[in-house]
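Please read this report with the sequence and the model open side by side. It takes up a sheet, a helix pair and a single residue in turn.

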Amino acid sequence: MKKESSFISDQFYSKQVRDLHFRHLRLEKPTSSIQSCAERMAHEQVSCLFLGESIPQIQGYITDITLRDQVLAKGLSPQSPVSQIMEFDMVSIPPDASLVEALMLMFRTKSRYLLVQENGQFVGWISRTKILTEQSQGPFMFIQSVKEARQIPELRSKWQRMPEIIHLLLSRGMKAAIVNQIITTVADTITQRVIERVIKEIGPAPAKFVFFVLGSEGRGELTLKTDQDNAIIYEDKANEQREMVRTYFLDFATRVSTALDQIGIDFCAGELMAMNPKWTHSLSHWKRNYEQWISDASQETAMNYTTFFDCRAIYGENQLLEELQSHMGKLLEKASERFFMNLGFNALQYEPPLTFFRTIKSEKIDGEKQINIKQIMRPIVDLARVYALKYQIFETNTARRIELLTQKGVFSDPESQELLHAFNYLMSLRLENQSQLILTENSKAKNYLSLSLLTKVQSVTLTEIFKVIRDFQARIKLTFTRSL
């Protein structure tokens, strides 16, 4: 029990942002001097000061780190207007959000502070330190420790502890979606540390770039059985610089992927990695890739490149990926019916393992009847993707895609609930099975589950979920492929 309590704090997971008694906003005008702002921060003992003419017109903020890095380190005059050092990347959250959501948002956006916004008005702010103090022994302190790690052996040790943490979180009833986010955040953080280390080794990049992830990591749905799916976009350069820039990024990507493999995040068997010359390109080259994939509109193209529609930036210049996604959006507006038809066919490749007599159809592996949970979940992932692309929704997470499609009226509330329940139940079962294999059998994580491990209730639940998937596949068949 002592071991469990080192990671789990029961009350923390039920608390909301409003339960923290978040701090009132301290506001200064952007024309105020840096010194006067620093004096106020010292007097009121706050580490963050917001800037604007009024609270509804907040333009930015400064922190104690801003004062250190932008004033002291650069020798800037304290009498300069504070607008010269103001930071603009403000992130807000509603007070009814959970503390878990707040921390995940902070780690994702690299923010130390969040504005609390209620009914369109800013009502206060919270700090990462405040939340971590509230949950002093939970998994988020573990994420913080990953952020502070630098050496490969230390990062490998952190990654090896994930099965234990995930097992404990699931055993206490944490939702699978949040567990996915925790695994994804740890993997993202490890990758960011590795990238920083590589840049220190080989020198700064010769061009602006973004390192982005694809597939399950791009969707924020990592499990304990994961490998690398990543790529690089770099800015277009003059002809005489192109070869030098490309050589740098291929060397950079090879070093990053090699280090990740050493840590335990395996090389992709299909070589869908930035170290593969096929997946490190200039922005204009990437735009041509998407143009070809969407205009080609073949079934083979849909199967091979669908994962590239689930992409998320984790390091570098995010606007490069945003520009590519904007270009993709324009292409999708003009995409042929055949393009969506083939995405629809792609979502029908894996049928739920249900026999004619409505029993679970299994494969015999190592003498045991087993089912592949990843393949069973794939139709839901594919279904959410094809509808999201059709309705111009560029969120990549499966559950979030379903929620946004429901808001647009594509799915009814009952349909949405059925899909989300099915997806979350399967994901929870998948994570539990993987952590058990690693912890109790000293085996590698896998996506196969032995039917002998299922209770009667689980078997019945799975059967009902398979029916839900089959019904939605029939809908896709009619909507996108025009067949029954």
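The sections below begin with the basis of the model and then go through its parts.

## Basis of the description

This is a predicted model, in which local features need pLDDT of at least 70 and side-chain atom pairs count only at pLDDT 80 or more, while totals for chains, interfaces and linings use all residues. Residues are numbered from 1 along each chain as its sequence is written, and side-chain values use heavy atoms, with hydrogens and water left out.

## The three-stranded sheet

An open sheet is formed by 3 strands in the order S4-S5-S6, with mixed pairing; strands (E, at least two residues) and helices (H or I, at least four residues) are DSSP runs numbered from the N terminus, and two strands pair if DSSP finds at least two bridges between them. Strand S4 (92-93) and strand S6 (121-127) each have a single partner strand and stand at the edges, so one side of each is left without a neighbour in the sheet.

S4 and S5 run parallel and are joined by 2 bridges, with serine 92 standing opposite leucine 115 in S5. Strand S5 (residues 113-118) runs antiparallel to S6, and 6 bridges join the two; here leucine 115 stands opposite tryptophan 125 in S6. S5 and S6 form a hairpin with 2 residues between them, and asparagine 119 in the turn has a positive phi of about 55°.

## Helices H17 and H18

Helix H17 (residues 398-407) packs against helix H18 (residues 413-440) at an angle of about 175°, their axes being 10 Å apart. H17 is therefore roughly antiparallel to H18, a term used for angles over 145 degrees. The contact (heavy atoms within 4.5 Å) involves Thr398, Ala399, Ile402, Glu403 and Thr406 of H17, together with Asp413, Ser416, Leu419, Leu420 and Phe423 of H18.

## Aspartate 382

Aspartate 382 lies in helix H16 (residues 373-390) and, at 7% relative accessibility, counts as buried, that is, under 20% relative accessible area with a 1.4 Å probe and protein chains only. When residues up to four places away in sequence are not counted, aspartate 382 touches Asn346 and Ala347. Threonine 306 is 76 residues from aspartate 382 in sequence, yet the two are 8.7 Å apart in space, C-alpha to C-alpha.

Methods
Buried < 20%, exposed > 50% of the residue type's maximum accessible area, 1.4 Å probe, protein only. Axes fitted to C-alpha atoms, helices over the stretch in contact; angles between N-to-C directions. Parallel < 35°, antiparallel > 145°, perpendicular 65-115°, else oblique.
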